[in-house]
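Here's a quick tour of one model, starting with its sheet and moving on to its charged side chains. Have the sequence and the 3D view open as you read.

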Amino acid sequence: MKPTATDLFDDAEAAQRPLAERMRPRTLEEMVGQRRLLGPDAPLRRAIEAGRVYSMVLWGPPGCGKTTLARLLASYGDAEFRSVSAVLSGLPEVRRILAKAEANHARGRRTVLFVDEAHRFNKAQQDAFLPHVERGSILFVGATTENPSFELNSALLSRCRVHVMDVVAVEDIVLTLRRALADGERGLGASAIQVPDEQLGLIARAGDGDVRRALTLLEIAVELAAGEGADALSNDTLLQVLADRTRRFDKGGEQFYDQISALHKSVRSSDPDAALYWFARMLDGGADPNYLARRLTRMAIEDVGLADPRALQLALAGWDSYERLGSPEGDLALAEVVIYLAATAKSNAAYVALGEARADVAAHGTLPVPLHLRNAPTGLMKQLGYGRGYQYDHEVEGGVALDQACLPDTLAQALYYRPTGHGLEQRMAEKLDALRAARKAARDTSQKEG
């Protein structure tokens, strides 16, 4: 069933609502973006148009249309629409709505229950929805900006389809802004303020994928222009409206970890341009530079390693410089670290070696230290053989006692550190390969003589 123009809103109240609310799409045709989910041949689009609605979780960034899609599900499915916010609502209110939904279900009427910010309900609170979803007394539609696999109850997820909603592209937001300017009933058409496409593009980019935000910026700009008695939006007025805008960033949320992952992997992939971009994005979004400095130090250890030991020194120096200078001057010190780490040679050989050594420690337990490697500060210890046969390498020809074993017998053949052929490790590899070959030859000779 296709909804009519009055199904979603009361026209008498529309003038009192913000532009973003007045321009909320009333039909699937008015939805912008989300072509993957709502394109003409998309399975979800066909199901909605046929009234075959089901419980689902909508995962996507702010302003991408999650609430609108939930309203459309109810309208096309001829169901009652009820909405709660996990930020504002508690379990008593949820229980009242669920009781009404049960009564509707008994009368053969479906209820779409839209739960905004569903991830804000804890796992126990989310359990309250389970029996009602199972009985079909509600069609649960949860909206979240966070990864549902981390934030939502697995039992609830197993009863819902998860649909990932995309960031709305600039060109789609521009289309919505044009509609708002042309619509004399719900939009800004009656204001007669002219806003050229170039300015609409600036507003759309400032919206940063959030249609609601872009419409709010347009509404403010047009109101300012009208208050000045102008018939067109000036660039000065627009710049005033767009000043100090911020990009989407959630300190500690999904976007935060996505971006730090992108920064780390760009450094690892030796792409200084990409690494610098993600570093700038995180600074722009309000990430703590000290956190970034700590992560850069980790990258110097984990991904550059002994291929370039100077990287760790530079990372620590950059961190120290930031703590002394603060922002914005100290940001440049960290940016230099980002560029250096991305551009220099890479090796995770030490990281891998430590992991393998730890695995042997866990697997073999407390192996005894070989007697010749033990100190013997007392007479009893000397009698027991502590330190007997130890060779002091500095007094041995060549500076290395090649036939001296330093590992427990159980791990005599263990080899953890395998230098790469990158940077300084290339020279280390050549030296260690020669030493390991000489040690093997010395052990073979010792065994033959024994």
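In which sense do strand β2 and strand β3 pair, and over how many bridges? Strand β2 (residues 80-85) and strand β3 (residues 111-116) run parallel, with 6 bridges between them. Strands and helices here are DSSP runs numbered from the N terminus (E, at least two residues, for strands; H or I, at least four, for helices), and two strands pair if DSSP finds at least two bridges between them.

Before going on, a word on the source: this is a predicted model, where local features need pLDDT of at least 70, side-chain atom pairs count only at pLDDT 80 or more, and totals for chains, interfaces and linings use all residues. Residues are numbered from 1 along each chain as its sequence is written, and side-chain values use heavy atoms, leaving out hydrogens and water.

To get from β2 to β3, the chain passes through helix α6 (residues 91-106) in a right-handed β-α-β crossover (with the strands pointing away from the viewer, the path from the first strand over the helix to the second runs clockwise).

Zoom out and you'll find 5 strands in an open, parallel sheet, ordered β2-β3-β4-β1-β5. At the edges are β2 and β5 (161-164), each pairing on one side only. From one strand to the next, the twist averages 20 degrees; axes are lines fitted to C-alpha atoms, for helices over the stretch in contact, and angles run from 0 to 180 degrees between N-to-C directions.

Helix α5 (residues 66-76) lies across β1 (56-59), β2, β3 and β4 (139-144), at about 170 degrees to β3. Helix α6 packs on the sheet too, touching β2 and β3 (contact means heavy atoms within 4.5 Å), and its direction makes about 165 degrees with that of β2.

**Salt bridges**

Count a side-chain nitrogen of Lys or Arg within 4 Å of a carboxyl oxygen of Asp or Glu as a salt bridge, and you get 19 of them. Here are some:

| Pair | Closest N to O |
|---|---|
| Arg186 and Asp183 | 3.7 Å |
| Arg268 and Glu302 | 3.5 Å |

Arg186 and Asp183 are both buried (under 20% relative accessible area; exposed is over 50%, partly exposed in between, with a 1.4 Å probe and protein chains only). Arg45 is buried at 10%, while Glu29 is partly exposed at 42%. Likewise, Arg268 is partly exposed at 37% and Glu302 buried at 12%. Arg268 and Glu302 also belong to a salt-bridge network with Arg298 and Asp303.
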